[in-house]
Amino acid sequence: MSLARSSLLGGLDLNVSLDAPLGSLTWFGIGGHADMLVSPRSEEALIHLIQRCHEQDVKVRVFGGGANLLIDDAGVSGVVLRLDDECFRRIRYNAEGEVGAAIVGAGVDLFGFVQDTKRRGLAGFEMMAGIPGTVGGAVRMNAGGAWGEISTALQSVDHLSWDGQHRTFDAATLGFRYRGSDLPSGVILSAKMILQEDDPVTVSNRVKEIFQHKRSSQPMGESSAGCAFRNPDPDGPAEGRSAGALIDQAGLKGHRIGGAVVSDQHGNFVVAESGANASDVHRLMDDIQARVLDRFGVELSREIVFWSREEQ
Ligand SMILES: Cc1cc2nc3c(=O)[nH]c(=O)nc-3n(C[C@H](O)[C@H](O)[C@H](O)COP(=O)(O)OP(=O)(O)OC[C@H]3O[C@@H](n4cnc5c(N)ncnc54)[C@H](O)[C@@H]3O)c2cc1C
């Protein structure tokens, strides 16, 4: 390890992979490597690492489940954090003595948590059925859909700022909105959810209904990052149409550049076929934006997060 890397990573309880494949960990399954992919083995190690990165001006990114990410073919520099150690994947039910409250580590897999709450007869998280990723990524994106967003179940968020300050935010103060919030940039450590006791069969039926609806309307078995674009302001020139409807009405279903193609099933899904690279997805998304603007005067903005060496 170089001197610079050893002053950044040395002596801390970390699992480090240099020049590690990163794109292949995403749901797209495409894109380059991370210069440093780091899994801290304790919260203390994470805090020290964040403080060192801050002091040494090293860019840090947090990788959740890679379900909303496109990694550039040339990969990314700096430190990419993965909160996949057991210490970031704990769930504490009846947290702080409150029935129905759960403190959920940022690295917890959403599918697993939905299944767990279902088995326990805890209602209030069914809206996340079929949404891939981690709790940290879902809080960052305020993920959700027609049945609600994760913020509706959220009471507070445990957070580490880029200079290593630990703080708990009351969710009510964070201005959660469609795919966004005022939560400062930094590392989400855990989230406290408030769920309600219910009949496990009732919860299970709701989960099944939502999951089946997603499976019938979205290409869940193909390589994508979910919806490529945010739905535009309904009061603007989109006149209430969703991004998917605009893309469909522009005749773009099936439109392709290289190995990237607009799904036939859902206009807002860009799918990476075998042999696709990140540049194909990028160019296809640019092309969709240009065509929708030209046809309807609507500027689509991207929901997929793009990481590259240039991006700061
Ligand atoms: C088939 C499919 C269906 C989907 N359906 C939906 C849907 O119905 N609704 C919806 O909202 N989304 C959907 N998505 C998108 C995706 O599931 C969500 O955005 C999800 O919340 C991403 O979580 P993640 O852990 O994979 O985050 P990543 O993709 O890894 O990261 C996304 C962003 O969150 C940040 N992040 C991740 N973890 C943390 C953390 N601990 N602290 C700080 N920042 C963090 C990353 O830095 C990045 O900016 C879908 C995706 C796919 C592939």
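I looked up the domains first. The protein chain splits into domain 1 (3-86), domain 2 (89-217) and domain 3 (220-312); these bounds come from an automatic or database domain assignment. The model is predicted, with local features needing pLDDT of at least 70 and side-chain atom pairs pLDDT 80 or more, while totals for chains, interfaces and linings use all residues. Residues are numbered from 1 along each chain as its sequence is written, and side-chain values use heavy atoms, without hydrogens and water.

Next I took the pair of domain 1 and domain 3. Their C-alpha centres are 28 Å apart. I found 23 residues of domain 1 in contact (heavy atoms within 4.5 Å) with 22 residues of domain 3.

Then I checked buried area, the accessible area (1.4 Å probe) that two parts lose on being put together, summed over both. Between domain 1 and domain 3 it is about 1900 Å², and carbon and sulfur atoms give 56% of it. On the domain 1 side, Phe28, Asn68 and Leu70 lose the most area to domain 3, together 36% of what that side buries.

I turned to salt bridges (a side-chain nitrogen of Lys or Arg within 4 Å of a carboxyl oxygen of Asp or Glu). The rule finds 1 across this interface of domain 1 and domain 3. I also noted that Arg309 forms a salt bridge with Asp35, with the closest N and O atoms 2.8 Å apart.

Last, I sorted the side of domain 1 that touches domain 3 by class. It has 13 nonpolar (Ala, Val, Leu, Ile, Met, Phe, Trp, Tyr, Cys and Pro), 5 charged (Asp, Glu, Lys and Arg) and 5 polar residues (the others, Gly among them).
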